[in-house]
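Please look over the sequence and the model before reading on.

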Amino acid sequence: MMNSDVQIKLILAVSLCFMYAVVFLTQKLDLASVSALMTGFTNALVGIFTYNYTKRRYEQVRKRG
């Protein structure tokens, strides 16, 4: 069985992919729309990586003492 953290990330990834696929297929895109979508996607990725890094650091500090 998957870790609950992995399940949450998988749900987020699938929902982001679905959302962006729907937007790109149904909307007439201009530069501002594409820029906003890419910024949102990049921010979501940065948030996931930051969460993972912070969690690992916290666990390392907790194990040391």
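A search of the whole structure finds one aromatic pair, where rings of Phe, Tyr and Trp (its six-membered ring) pair if their centres lie within 6.5 Å. The model is predicted: local features need pLDDT of at least 70 and side-chain atom pairs count only at pLDDT 80 or more, while totals for chains, interfaces and linings use all residues. Residues are numbered from 1 along each chain as its sequence is written, and side-chain values use heavy atoms, with hydrogens and water left out.

The partners are Tyr20 and Phe41, with 5.6 Å from centre to centre and 90 degrees between the planes, which is edge-to-face (planes under 30 degrees apart count as stacked, over 60 as edge-to-face and the rest as tilted). Tyr20 belongs to helix 1 and Phe41 to helix 2, so the pair ties together parts that are 21 residues apart in sequence. Helices (H or I, at least four residues) and strands (E, at least two) are DSSP runs, numbered from the N terminus.

| Residue | Relative accessible area | Class |
|---|---|---|
| Tyr20 | 11% | buried |
| Phe41 | 28% | partly exposed |
| Thr39 | 40% | partly exposed |

Thr39 is also placed in helix 2. Its C-alpha atom is separated by 24 Å from that of Lys55, 16 residues apart along the chain.

How do the axes of helix 1 and helix 2 cross, and within what distance do they come? The axes of helix 1 (residues 4-26) and helix 2 (residues 31-64) come within 11 Å and cross at roughly 175 degrees. Axes are lines fitted to C-alpha atoms, for helices over the stretch in contact, and angles run from 0 to 180 degrees between N-to-C directions. Helix 1 is therefore roughly antiparallel to helix 2 (a term for angles over 145 degrees).

The secondary structure of the chain consists of two helices and zero strands. Its C-alpha trace spans about 55 × 30 × 5 Å along the principal axes. Of the 65 residues in the chain, 9% are buried.

Technical notes: Angles under 35 degrees count as roughly parallel, over 145 as roughly antiparallel, 65 to 115 as roughly perpendicular and the rest as oblique. Buried means under 20% relative accessible area, exposed over 50%, partly exposed in between (1.4 Å probe, protein chains only).
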